[in-house]
There are 2 protein chains.
Amino acid sequence: MKLATLKDSTRDGKLVVVSKDLTRCSEVGHIARTLQAALDDWAHAGPRLARVAEGLETGAQPAMRFHEHDAASPLPRAYHWADGSAYVNHVELVRRARNAEMPASFWTDPLIYQGGSDSFLAPRDPILLEDEAWGLDMEGEVAVIVDDVPMGARVEEARDAIRLLLLVNDVSLRGLIPAELAKGFGFYQSKPSSAFSPVAVTPDELGDAWDGGKLHLSLLVDLNGKPFGRADAGVDMTFDFPRLIAHAAKTRPLVAGTIIGSGTVSNKLDGGPGRPVAEGGAGYSCIAELRMIETIAGAPQTPFLKFGDTVRIEMKDKAGHSIFGAIEQTVMKYEKA
Amino acid sequence: MKLATLKDSTRDGKLVVVSKDLTRCSEVGHIARTLQAALDDWAHAGPRLARVAEGLETGAQPAMRFHEHDAASPLPRAYHWADGSAYVNHVELVRRARNAEMPASFWTDPLIYQGGSDSFLAPRDPILLEDEAWGLDMEGEVAVIVDDVPMGARVEEARDAIRLLLLVNDVSLRGLIPAELAKGFGFYQSKPSSAFSPVAVTPDELGDAWDGGKLHLSLLVDLNGKPFGRADAGVDMTFDFPRLIAHAAKTRPLVAGTIIGSGTVSNKLDGGPGRPVAEGGAGYSCIAELRMIETIAGAPQTPFLKFGDTVRIEMKDKAGHSIFGAIEQTVMKYEKA
């Protein structure tokens, strides 16, 4: 089943079921007005939405055209967004670029940060930025949306709570990160609103690419129309989603609709730090990673995002069909009213 | 106007308007079913709720008995909870206790962390804790709930967006903090679910104790029935609420219903680190602060919270009447189902 939220005059938009090929959708207000409402009562709403999805494929269900441009993030605002750093290769590179050793515990103890969740960008919304000097970067990631998870959940319980998967652009302001992290309380201003893919899908839509913990497909990250990242989300993911969820639930329950992110998808490959797509490598899911490799080699060359730059993040199945639709965002100057 | 959320069978509870003396309340489902719904459309709902509040005082409005025990946190789950450290005295003490210098920028650049907001405790709910060794501590604070705040809002705009004030127990796990902050991404497991006062009030309820930026009243923090903290929330608050809100909105908008906390209320007094209430001082709004003073004097003596300990956090007006009702929570052993 594939779900999306259409923009309307409300803050939470309107839930629709989307056809597998992303061309058509059906309104489901009689089941749940919003995705959060469906997640609040998934045991009841989930099976009913699945029947609509079936009808949509067979043609038995009234449908309308689905346009990715009309979609908000599946949860336009959420109660909980926590982002892991499951690709520890990425973290190790960050450290190496500034000549810092990564603690060995990072390979066994997941790193996660509490993100802002009240104002997600729609997948085709511009990224509004006040100042290019803040060092805007994309971070291409996979995320899951979970059902209620009790405090102290075991990894197996965490696995069973995964309801939906989707993609995310975890927008980052690299120029603000060092000073903010130096204060010791984590990210705040340096992590503005994130954007999610137009469509969230149930795990069964992914076939054997989803093994219950990792998604074994390439994350396609394009910068200004050129391939920038083709990293496989199933490779080098040190902590799978059930581990991240269990970590998040150690001292508090997670409420249905909680979104847990993978962190920037990053492949090590051949034991080295990765190569650009143009050189036959898997590339990078964020600019910072390429800059780190450039730094290790001498000095960073690739600039962060400028006004007018466009980022596209997508994932295709083995037949080449888009699974989640595309995040495609252009950076624009923010002019305050 | 005073507002509360009564627990019911739903996740968000039922909004009621509460009488000034906290003894009676009126259902307002015809205006807004939940507090979030009221905040989503405050321009419309706010004046209508205020008319109910008037009728409640004059007796013109049907009412029922209000019991603080029946209340959830005013927003049982919220889209955004960010907590400042506005009482820099508190931060300076933390650092001094571990022989670390506090950067001078801390006096000019607000410190804030992104908190978990999906599963707030009700004001009389127990605090469920798996392991006493995690070092459970209360943190008594004041918080505001804001309307929509645009990205880049000026301090004056931030001031105008304050809709409600309330109290908070920002529950902390001191034993988990050092290792978590050492990882560099801020608090996560070390900040489990917070609890808020039974009642949230509009600024006009506070008379001249509220100056538009700070709340000039003592925060009453009791531990096991004895006065532990009597710090004045209007004293030594280096950054007032409009400053904290503007800081939070620097790179992203804040959605209506965002809760911004003051951080642990802490008074320096006489230039010194403060004295216990029993010695005529203003005491402390968290145990950690007393332990820091004990550490500076030699070694920490006061233990963190144990199973069975009870914390009470309240604030009274100049006539001695409770403004927000009381947070009163007992620590209990968490037994996972």
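A salt bridge joins the side chains of Glu139(B) and Lys191(B), with an N to O distance of 3.2 Å. Glu139(B) sits in the loop between E9 and strand E10 (140-146) of chain B, and Lys191(B) in the loop between H5 and strand E13 (195-196) of chain B, so the pair ties together parts that are 52 residues apart in sequence. Glu139(B) counts as buried because its relative accessibility is 5%, under the 20% cut-off. Lys191(B) is likewise buried, with a relative accessible area of 7%. The model is a predicted one, and these values are computed from it.

A second salt bridge of chain B is formed by Arg174(B) and Asp137(B), whose closest N and O atoms are 2.8 Å apart. This pair links distant parts of the chain, 37 residues apart: Arg174(B) belongs to the loop between strand E12 (172-173) and helix H5 (177-182) of chain B, and Asp137(B) to strand E9 of chain B. Both Arg174(B) and Asp137(B) are buried.

Arg163(B) and Asp147(B) also meet through their side chains in a salt bridge, at 3.0 Å from N to O. Because Arg163(B) lies in strand E11 of chain B and Asp147(B) in the loop between E10 and helix H4 (155-160) of chain B, the pair ties together parts that are 16 residues apart in sequence. Asp147(B) counts as buried, at 14% relative accessibility. Strand E11 of chain B, which holds Arg163(B), comprises residues 162-169. A polar atom of the Arg163(B) side chain lies 3.0 Å from the backbone oxygen of Asp160(B). Leaving aside residues up to four places away in sequence, Arg163(B) touches Leu39(B), Trp42(B), Ile145(B), Val146(B), Asp147(B), Val201(B), Thr202(B) and Pro203(B). Over all chains, the count of salt bridges comes to 46.

In helix H3 (residues 88-97) of chain B, the residues Val88(B), Asn89(B), His90(B), Val91(B), Leu93(B) and Arg95(B) are buried. Their cover includes helix H7 (287-297) of chain B. In H7(B), the buried residues are Ile287(B), Ala288(B), Glu289(B), Leu290(B), Met292(B), Ile293(B) and Glu294(B). These pack against H3, strand E9 (136-137), strand E15 (220-223) and strand E16 (226-229) of chain B.

Leu22(B), although not a glycine, has a phi of about 65 degrees. This residue is found in the loop between strand E2 (14-18) and strand E3 (24-27) of chain B and is buried, with a relative accessible area of 8%. Asn224(B), which is not a glycine either, has a positive phi of about 50 degrees. Asn224(B) lies in the loop between E15 and E16 of chain B and is partly exposed, with a relative accessible area of 41%.

Chain A superposes on chain B by a rotation of 180 degrees with 0.0 Å of shift along the axis, at an RMSD of 0.0 Å. The two copies are therefore related as by a two-fold rotation axis. The same surface serves both copies, since 100% of the contact residues of chain A recur in chain B. Within chain A, Gly186(A) comes closest to the rotation axis, its C-alpha being at 1.9 Å.

At the interface, 59 residues of chain A are in contact with 59 residues of chain B. The buried area between chain A and chain B is about 5,300 Å², with 52% given by carbon and sulfur atoms. Of the area that chain A buries against chain B, 19% is supplied by Tyr79(A), Phe185(A) and Tyr188(A), more than by any other three residues.

Ten salt bridges are found across the interface of chain A and chain B. Among the salt bridges is that between Arg11(B) and Asp148(A), with the closest N and O atoms 2.7 Å apart. A network of salt bridges links Arg11(A), Asp12(A), Arg77(A), Asp40(B) and Asp148(B). Polar contacts across the interface of chain A and chain B involve 29 residue pairs, both residues at pLDDT 80 or more. On the side of chain A that touches chain B, the elements that give two or more residues are helix H1 (35-40), strand E7 (112-115) and helix H6 (241-248) of chain A. E7(A) gives the most, with four residues. By class, this side of chain A has 27 nonpolar, 16 polar and 16 charged residues.

Note on methods:
Residues are numbered from 1 along each chain as its sequence is written. Chains are lettered from A and ligands numbered from 1 in the order in which they are written. This is a predicted model: local features need pLDDT of at least 70, side-chain atom pairs count only at pLDDT 80 or more; totals for chains, interfaces and linings use all residues. Side-chain values use heavy atoms; hydrogens and water are left out. Copies are superposed by least squares on the C-alpha atoms of residues with pLDDT of at least 70 in both. Contact means heavy atoms within 4.5 Å. Buried area is the accessible area (1.4 Å probe) that two parts lose on being put together, summed over both. A salt bridge is a side-chain nitrogen of Lys or Arg within 4 Å of a carboxyl oxygen of Asp or Glu. A polar contact is a pair of N or O atoms within 3.5 Å; within protein, one must be able to donate a hydrogen and the other to accept it, and residues adjacent in sequence count only if both atoms are side-chain atoms. Ala, Val, Leu, Ile, Met, Phe, Trp, Tyr, Cys and Pro count as nonpolar, Asp, Glu, Lys and Arg as charged, and the others, Gly among them, as polar. Buried means under 20% relative accessible area, exposed over 50%, partly exposed in between (1.4 Å probe, protein chains only).
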